[in-house]
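Please examine the structure below with attention to its aromatic residues.

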Amino acid sequence: SSVSSDFLTEKFNVFSDKHYVIPFEKLKISSPLVIFRFILSVYSVIKIVREEKVDVICTNTERAMYVGTLTAILTKKKLYWFVRDYLYNLTLFKLLSKYTDKMFFVSNDLKDFYSNPKNSLVVYVSSDMFERVKKVTEEEKRDFREKYNLNGKFVVGFIGRLAKWKGVEVLAN
């Protein structure tokens, strides 16, 4: 784990039965260790995919795209990309996008920026989240808790990099 996530990992240990911290170093550092660290990240994700019997690999950052795509190729799993910005390397984006099963963009402009790739869909993240949450019935909530054996448990979900600047510590307090 990295220094920025150590404080969160300790807090999540109190609340979660299981979680993984994956070494996910920056790729743009000029060091021969970058390739070794990248391979270590891919290996770590492959191990989790196999242990947890994961069916779909979803990525939402450029670094995650590289690790997730290679993992999906090696494990023959479905691959979904969530694309939220214009910062992806265009050459690698085009090269690796052929391995995706679906790409989700947060706007039409972003989808057009990446040349309107096949298998893509625009999803306006959280645009109507509060309205959709209001429509979830108590029965649906109860059924969900029963289905996943969550009755009587405090449940928090977070998908993303554990970085202090994201304010994730609020979930663990």
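**Aromatic pairs and the nonpolar core**

In this predicted model, ten aromatic pairs are present. One of them joins Trp 81 and Phe 93 in a tilted arrangement, with 5.0 Å from centre to centre and 55° between the planes. This pair links distant parts of the chain, since Trp 81 lies in strand 2 and Phe 93 in helix 4, twelve residues apart. Both Trp 81 and Phe 93 are buried.

A further tilted pair is formed by Phe 144 and Tyr 148, at 4.8 Å centre to centre and with 50° between the planes. Phe 144 counts as partly exposed because its relative accessibility is 48%. Tyr 148 is likewise partly exposed, with a relative accessible area of 45%.

Trp 81 and Phe 93 also belong to one aromatic cluster together with Tyr 86, Tyr 88, Phe 105, Phe 113 and Tyr 114. The largest nonpolar core comprises 19 residues, and those touching the most other members are Met 65, Trp 81, Val 83, Tyr 88, Phe 93, Phe 105 and Tyr 114. Two or more residues of this core come from each of helix 2 (33-51), helix 3 (62-75), strand 2 (78-83), helix 4 (90-97) and strand 3 (102-105).

Tyr 66 counts as buried because its relative accessible area is 13%, under the 20% cut-off. Its C-alpha atom is separated by 9.2 Å from that of Phe 93, 27 residues apart along the chain.

Note on methods. Residues numbered from 1 in each chain as written. Predicted model: local features only at pLDDT ≥ 70, side-chain atom pairs only at ≥ 80, totals over all residues. Heavy atoms only, no water. Core = buried A, V, L, I, M, F, W, Y, C linked by side-chain atoms within 4.5 Å. Buried < 20%, exposed > 50% of the residue type's maximum accessible area, 1.4 Å probe, protein only. Helix = DSSP H or I, 4+ residues; strand = E, 2+ residues; numbered from the N terminus. Phe/Tyr/Trp six-rings, centres within 6.5 Å; stacked < 30°, edge-to-face > 60°.
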